[in-house]
Amino acid sequence: MGCEPEATQAGVRIRMSTDPGLEDAQLMDGSIILQILTNLLLNAIAVSPPRGTVFLDVTADLSGQLVFGVTD
């Protein structure tokens with residue numbers, strides 16, 4: 001993960017949970033999604049206390065659309 005160095009420096013852990021059925025999912029405009037997720041993760045790391053945990057969850061909704069969640 002590209003945000004791991006920032007998380008380590010801040011003393012924050014990143015935990016990722018992915019729906020097993022999404023391992024082969026293809027993203028259109030993946031670079032844009034990656035930039036958005038990076039920004040969300042960096043913001044979550046910045047406001048998390050030391051020894052805190054930031055969670056990234058990737059699931060699919062009922063229509064098959066990917067749903068990303070970032071929780072700090």
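Start by selecting serine 48, which sits in the loop between α2 and β2. Keep in mind as you go that this is a predicted model.

Is serine 48 buried or exposed? Its relative accessible area is 12%, and buried means under 20%, so serine 48 counts as buried. Now show its side chain: it reaches the backbone oxygen of alanine 44 at 2.6 Å. Leaving out residues up to four places away in sequence, serine 48 touches Val12, Val54 and Asp72.

Next, select the largest nonpolar core. Which residues make it up? Pick these 10: Cys3, Ala7, Val12, Ile14, Leu37, Leu41, Ala44, Ile45, Val54 and Leu56. The largest share, 4 residues, comes from α2.

Zoom in on alanine 7 while you're here. Setting aside its neighbours within four places in sequence, alanine 7 is in contact with Val12, Ile14 and Ile45.

Now switch to a cartoon view and find the sheet. You're looking for 3 strands in an open sheet, ordered β1-β2-β3, with mixed pairing. At the edges are β1 (13-18) and β3 (66-71), each pairing on one side only. From one strand to the next, the twist averages 10 degrees.

For the last stop, select β1 together with β2 (residues 53-60): these two pair in the parallel sense over 6 bridges. Click on methionine 16, and opposite it you'll find leucine 56 in β2.

Note on methods
Residues are numbered from 1 along each chain as its sequence is written. This is a predicted model: local features need pLDDT of at least 70, side-chain atom pairs count only at pLDDT 80 or more; totals for chains, interfaces and linings use all residues. Side-chain values use heavy atoms; hydrogens and water are left out. Two strands pair if DSSP finds at least two bridges between them. Axes are lines fitted to C-alpha atoms, for helices over the stretch in contact, and angles run from 0 to 180 degrees between N-to-C directions. A nonpolar core is a set of buried Ala, Val, Leu, Ile, Met, Phe, Trp, Tyr and Cys residues joined through side-chain atoms within 4.5 Å. Buried means under 20% relative accessible area, exposed over 50%, partly exposed in between (1.4 Å probe, protein chains only). Contact means heavy atoms within 4.5 Å. A polar contact is a pair of N or O atoms within 3.5 Å; within protein, one must be able to donate a hydrogen and the other to accept it, and residues adjacent in sequence count only if both atoms are side-chain atoms.
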